[in-house]
Amino acid sequence: MSTITEGYLNHKIFGIVSETAAEMGVRAFVIGGYVRDCFLGRSNDDIDIVVEGRGIELAEAVGQKVRSKVSVFRNFGTAMLRFEGMEIEFVGARKESYHRESRNPIVEDGTLEEDQLRRDFTINAMAFSLQKEDFGALVDPFGGIRDLAAGVIRTPRDPDETYSDDPLRMLRAVRFATKLSTPEHPFAIVPESMDSIRRMAPRMEILSRERIAEELNKILLCPRPSMGFRLMDEAGMLPYVLPDLQALKGVETMDGKGHKENFSHTLQVLDNVAEVDGGKLWLRWAALLHDIGKPRSKRFAPGLGWTFHGHNVIGAKMVPGIFKSLKMTQGDEMKYVQKLVDLHLRPIALVDEEVTDSAVRRLLFDAGNDIGDLMILCNADITSKNPAKVARIRANFELVKQKMSEVEQKDEIRNFKNPIDGAYVMEVFGIPPCQEIGILKEAVKNAILDGEIGNNFAEADALMRQKAAEIGLHPVK
Ligand code: ATP
Ligand code: MG
């Protein structure tokens with residue numbers, strides 16, 4: 001039988017699952033993202049299989065046939081195997097709602113349609129039959145195809161039920177709208193769903209922070225992530241996801257003077273970064289948080305207007321807490337974001353000053369290997385509405401970049417390593433570990449960065465001896 005879905009199910013694995021299910025006397029279907037992406041013409045290497053019966057058993061039987069290791073997640077009632085570049089996940093159809101937050105035991109006694117009803121969105125609830133008699137037939141009881149064509153995110157059930165069952169679905173609605181939207185074919189969350197989310201948003205409090213963070217990361221990795229944050233804002237979710245972002249909203253006016261609307265500005269910077277970064281998650285986090293210290297540093301100086309002095313430092317201090325609140329890493333990725341937030345004003349500050357070698361050296365030293373990402377962020381941060389101003393800043397910015405590559409070629413500051421180390425200082429002056437060591441090393445570092453001496457051992461050693469004499473230290477030999 002030929003069906004409209006022919007061609008989507010050519011991979012060997014579908015035939016094998018079909019055959020195995022028939023041998024076991026159960027019905028199996030491809031469901032969810034893979035089906036949706038077939039119709040959108042998007043590639044997807046993740047296949048979800050739902051079985052009327054025990055998903056794990058079918059997975060194990062298929063695993064044996066294709067000689068592939070099966071990972072079983074008993075708590076979730078799922079099993080996964082990899083085969084020829086595909087990742088295939090098996091699950092038994094359920095009558096009751098199932099999600100990772102649920103404490104109920106998993107009962108796999110549902111029919112396909114019962115299972116579909118408990119999925120998040122109509123576009124994610126479509127299935128392809130893997131039965132011999134109608135292989136490839138689309139099973140779409142809730143109008144997923146219609147909604148896909150119309151570009152709408154709609155729940156199969158009453159949205160209040162779907163969202164209260166697993167509040168993460170509210171964030172998933174945002175994620176799918178953001179991810180699937182293209183300029184030619186935008187997606188929107190249907191109004192009933194938006195209304196429901198506005199009512200249900202406080203239910204997000206019960207979610208584990210890890211699940212929220214996972215969705216946030218996926219939203220950040222969309223081609224135009226601003227859309228996701230605007231939707232979260234419209235639906236009243238920000239306070240439950242990232243309250244510090246909520247605090248960026250709004251414009252205060254004093255003596256007739258307003259300031260930049262920092263929420264829109266942040267989203268613009270985020271999109272600017274996303275356009276050029278090739279998918280760097282942590283750089284996008286840095287963009288999202290680059291001005292996060294602004295609300296706390298905001299001051300109005302009569303005659304001068306609004307200032308946000310030190311917002312980069314305040315923002316950098318906030319980063320560990322924000323990551324912690326989402327149970328995200330405190331390791332290198334966090335430190336990278338923190339560093340970029342801290343340094344995000346530095347390249348642009350150079351634009352307004354005379355670009356001296358020593359200022360450039362210091363920037364290269366502080367940014368190290370993240371200098372390229374810092375420059376992307378800083379360039380993205382130029383969002384003035386005045387085209388003449390933007391053109392002028394960008395031209396100067398190019399000068400800074402050029403100067404940077406000159407200085408880097410000459411002095412190799414980026415991977416700066418002090419030619420003088422602590423052990424050497426102790427040996428020369430016959431001293432135990434003490435603060436003088438730090439003072440001497442710092443003096444050498446500063447002299448190199450300021451261009452007073454070259455980045456080499458001989459000059460560093462001479463300077464160390466001179467500075468040591470000034471503080472009363474003399475070589476033992
Ligand atoms: P992606 O391409 O981003 O992986 P996906 O649709 O495959 O998209 P998954 O999170 O991998 O999304 O989930 C697979 C399928 O499982 C979904 O299409 C949906 O049918 C169902 N699903 C996943 N999470 C939930 C949930 N929290 N509530 C209801 N259904 C869910
Ligand atoms: Mg998937």
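**Exercise 1. At what angle do the axes of helix α9 and helix α10 cross, and within what distance do they come?**

Conventions for this predicted model: local features need pLDDT of at least 70, side-chain atom pairs count only at pLDDT 80 or more, and totals for chains, interfaces and linings use all residues. Residues are numbered from 1 along each chain as its sequence is written, chains are lettered from A and ligands numbered from 1 in the order in which they are written, and side-chain values use heavy atoms, with hydrogens and water left out.

Solution.
- Step 1. Locate the helices: α9 spans residues 209–220 and α10 spans residues 226–234. Helices (H or I, at least four residues) and strands (E, at least two) are DSSP runs, numbered from the N terminus.
- Step 2. Take the axes. These are lines fitted to C-alpha atoms, for helices over the stretch in contact, and angles run from 0 to 180 degrees between N-to-C directions.
- Step 3. The two axes come within 8 Å and cross at roughly 130 degrees. This makes α9 oblique to α10. Under 35 degrees counts as roughly parallel, over 145 as roughly antiparallel, 65 to 115 as roughly perpendicular and the rest as oblique.
- Step 4. List the contact (heavy atoms within 4.5 Å). L216, I219 and L220 of α9 meet G228, F229 and M232 of α10.
- Step 5. Sort these residues: five nonpolar, one polar and no charged. Ala, Val, Leu, Ile, Met, Phe, Trp, Tyr, Cys and Pro count as nonpolar, Asp, Glu, Lys and Arg as charged, and the others, Gly among them, as polar.

**Exercise 2. Work out how α9 packs with α14.**

Solution.
- Step 1. Helix α14 covers residues 281–289. Its axis is 10 Å from that of α9, at an angle of about 95 degrees.
- Step 2. The pair is therefore roughly perpendicular.
- Step 3. α9 brings L216, N217 and L220; α14 brings L281, R284, W285 and L288.
- Step 4. The contact divides into five nonpolar, one polar and one charged.

**Exercise 3. Describe the shell around ligand 1.**

Solution.
- Step 1. Count the residues with a heavy atom within 4 Å of the ligand. There are 16, and R36, N124, D166, R169 and R175 are the closest.
- Step 2. Classify the shell: one nonpolar, four polar and eleven charged.
- Step 3. Assign helices. α2 (33–40) and α7 (168–180) each supply at least two residues. α7 gives the most, with five.
- Step 4. Find polar contacts (N or O pairs within 3.5 Å; within protein, one atom must be able to donate a hydrogen and the other to accept it, and residues adjacent in sequence count only if both atoms are side-chain atoms). Ligand oxygen atoms lie 2.8 Å from a backbone N or O atom of N124, 2.9 Å from a polar side-chain atom of R172 and 3.3 Å from a polar backbone atom of G33.

**Exercise 4. Trace the surroundings of E52.**

Solution.
- Step 1. E52 sits in strand β2 (residues 46–52).
- Step 2. Leaving out residues up to four places away in sequence, E52 touches V26, R27, F29, A93, G110, T111 and L112.
- Step 3. The E52 side chain makes a polar contact with the R27 side chain at 2.7 Å. The E52 side chain also reaches the backbone nitrogen of L112 at 2.6 Å.
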